[in-house]
Amino acid sequence: MFMGTTYNSIDEKNRVIVPSKLRAELGARCILTRGLDTCLYIYTLADWEKQLEKVAALPEADPKVRAFIRHFCGNAVECELDKQGRIVIPQELKNFAGINKELVTMGAMSKIEIWSKEQWEAPDNDSKMDTQDFANALMEYRF
């Protein structure tokens, strides 16, 4: 399970270091794709396969499902970590997440999220909640 947050950056060759505390569980190869928010997701190969099984169970006759498949699978790339623990982020994915230089990399249970620092810290980022919002949301799920 991935956890923790690291502030890091991307270099001029679009390489980003996967933090060592996350890299140990990730393995030598991984899948990088668009996230559901304005971020990128990194999956282990095993967790990616689990995600694909869930996607395969969705009704492909639904246009929203087809759009999701294009978003999620159509932009996925297999990455190999180099000796320094870096992966290359393709320009299209970098553009999608609004990544320029500074990053926020965080463990999010079965995946790693990579955010542009600017996007993560933006006041209108709906991906962050205050404590009361968390409590209210969890009550809805009987947590």
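**Helix packing, salt bridges and loops**

Mentor: Let's begin with a pair of helices: α2 and α3 cross in a left-handed manner, the near helix being turned anticlockwise from the far one by less than a right angle (clockwise would be right-handed). This is a predicted model, in which local features need pLDDT of at least 70, side-chain atom pairs count only at pLDDT 80 or more, and totals for chains, interfaces and linings use all residues. Residues are numbered from 1 along each chain as its sequence is written, while side-chain values use heavy atoms, with hydrogens and water left out.

Trainee: Is α2 roughly parallel or roughly antiparallel to α3?

Mentor: Helix α2 covers residues 45–56 and helix α3 residues 63–72; their axes are 11 Å apart, at an angle of about 165°. That angle is why the pair is classed as roughly antiparallel. Axes are lines fitted to C-alpha atoms, for helices over the stretch in contact, and angles run from 0 to 180 degrees between N-to-C directions. With under 35 degrees counted as roughly parallel, over 145 as roughly antiparallel, 65 to 115 as roughly perpendicular and the rest as oblique, α2 to α3 is roughly antiparallel.

Trainee: How many salt bridges does the structure hold?

Mentor: Side chains of opposite charge can pair when their charged atoms come close. The criterion here is a side-chain nitrogen of Lys or Arg within 4 Å of a carboxyl oxygen of Asp or Glu. By that criterion, the structure's number of salt bridges is 4.

Trainee: How many residues apart are Arg29 and Glu78?

Mentor: These two side chains form a salt bridge, at 2.4 Å from N to O. Arg29 sits in strand β3 (residues 29–34) and Glu78 in strand β5 (residues 77–80), so the pair links distant parts of the chain. Helices (H or I, at least four residues) and strands (E, at least two) are DSSP runs, numbered from the N terminus. The separation of Arg29 and Glu78 in residues is 49.

Trainee: What phi value does Asn14 have?

Mentor: Asn14 belongs to the loop between β1 (5–9) and β2 (15–17), and counts as buried at 12% relative accessibility. Asn14 is a residue other than glycine with a positive phi, near 65°.

Trainee: How far apart are the C-alpha atoms of Gly98 and Ser116?

Mentor: Gly98 is in the loop between α4 (91–97) and β7, and is partly exposed at 37% relative accessibility. Gly98 and Ser116 are 18 residues apart along the chain, and their C-alpha atoms are separated by 6.0 Å.

Terms used. Buried < 20%, exposed > 50% of the residue type's maximum accessible area, 1.4 Å probe, protein only.
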